[in-house]
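Hi there,

Here is the structure I promised to pass on to you. Have a look at it first, and then read on for what turned up in it.

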Amino acid sequence: MSERSAGMSGHGTPTGPATAGMSVDGTPPAPADVSGAGMSADAVPGAPTGGAPAGPQQRVTDITAGPGGVMTDEVGVVTGELTLRTELAGGQVTLSVQYKDADEWYAVTGGRAPLADPAGLDAVHTIAVALLNRPEG
């Protein structure tokens, strides 16, 4: 069977081919990749379409450490203008800091925990920023 148009001529006759997401024989139309259309409620930014995100996910924010700084595993306390990274890989979320615009990252002491649902990464990062960012001292 052929597909029919949703439009009609003045005589009640279909005016050309169109699907409008349906076909006359009742079979659903083939799926189409509409990446970037902004229409998926379940989309994860940066994730490939049709599956789980590939590789680690991360969130990064510049912060100012408060009095006493941020304790790290590698170098102890770091202070001043920092960048905080919250990374999810292998079901584990890890917090790291670096001096702003530096190359080296340091693991925040106690900043590692399991995270079963990747959708929680934004919430974890927001809480970490709220706890560690103290621009007023």
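Predicted model: local features only at pLDDT ≥ 70, side-chain atom pairs only at ≥ 80, totals over all residues.

**The overall fold**

The protein chain has six strands and one helix. Along the sequence these follow the order β-β-β-β-β-β-α, so the helix comes after the strands, as the definition numbers elements from the N terminus. The chain has 137 residues, and 25% of them count as buried. If you take the contacts between residues at least 6 apart in sequence, 39% of them join residues at least 24 apart.

**The nonpolar core**

The largest nonpolar core is made up of 13 residues. Ile63, Val70, Val78, Leu82, Leu84 and Val97 have the most contacts inside this core. At least two of its residues come from each of strand E4 (81-89), strand E5 (92-99), strand E6 (106-114) and helix H1 (121-132). H1 gives the most, with three residues.

Beyond its neighbours within four places in sequence, Val97 is in contact with Val70, Thr72, Val78, Thr83, Leu84, Glu104, Trp105, Tyr106 and Val108.

Is Val108 buried or exposed? Its relative accessible area is 9%, under the 20% cut-off, and therefore Val108 counts as buried. Not counting residues up to four places away in sequence, Val108 touches Val70, Met71, Thr72, Asp73, Leu95, Ser96 and Val97.

**A pocket beside E5, E6 and H1**

The second largest pocket has a volume of about 150 Å³. Which elements supply at least two residues each to its lining? They are E5, E6 and H1. The lining consists of Val93, Leu95, Val108, Gly110, Gly111, Arg112, Ala113, Val124, Ile127, Ala128, Leu131 and Leu132. By type, nine of the lining residues are nonpolar, two are polar and one is charged.

**Two salt bridges**

How many salt bridges does the structure hold? There are two.

In one of them, the side chains of Arg59 and Asp122 meet at 2.5 Å, N to O. This pair links distant parts of the chain, with Arg59 in strand E1 (residues 57-64) and Asp122 in helix H1, 63 residues apart. Arg59 is partly exposed, at a relative accessible area of 22%. Asp122 is partly exposed too, at 42%.

In the other, the side chains of Asp62 and Lys100 meet at 3.7 Å, N to O. Asp62 lies in strand E1 and Lys100 in the loop between E5 and E6, so this pair ties together parts that are 38 residues apart in sequence. Asp62 is partly exposed, with a relative accessible area of 43%, and Lys100 is partly exposed as well, with 39%.

**Two more residues to look at**

Asp101 is in the loop between E5 and E6. What is its phi value? Phi of Asp101 is near 70°, which is positive although the residue is not a glycine. At 71% relative accessibility, Asp101 counts as exposed.

Pro114 is found in strand E6. With a relative accessibility of 64%, Pro114 also counts as exposed. Which residues does Pro114 touch, leaving out those up to four places away in sequence? They are Gly91 and Gln92. Between Pro114 and Gly91, the C-alpha to C-alpha distance is 5.8 Å, although the two are 23 residues apart in sequence.

Enjoy exploring it, and do write back with any questions.

Best wishes

Technical notes
Residues numbered from 1 in each chain as written. Heavy atoms only, no water. Core = buried A, V, L, I, M, F, W, Y, C linked by side-chain atoms within 4.5 Å. Buried < 20%, exposed > 50% of the residue type's maximum accessible area, 1.4 Å probe, protein only. Helix = DSSP H or I, 4+ residues; strand = E, 2+ residues; numbered from the N terminus. Contact = heavy atoms within 4.5 Å. 1 Å grid on protein atoms, 1.4 Å probe; cavity = no way out; pocket = protein on both sides within 12 Å on 5 of 7 lines; lining within 4 Å. Points joined across faces, edges and corners; volume = space filled by probe spheres on them. Nonpolar A, V, L, I, M, F, W, Y, C, P; charged D, E, K, R; others polar. Salt bridge = Lys/Arg side-chain N within 4 Å of Asp/Glu carboxyl O.
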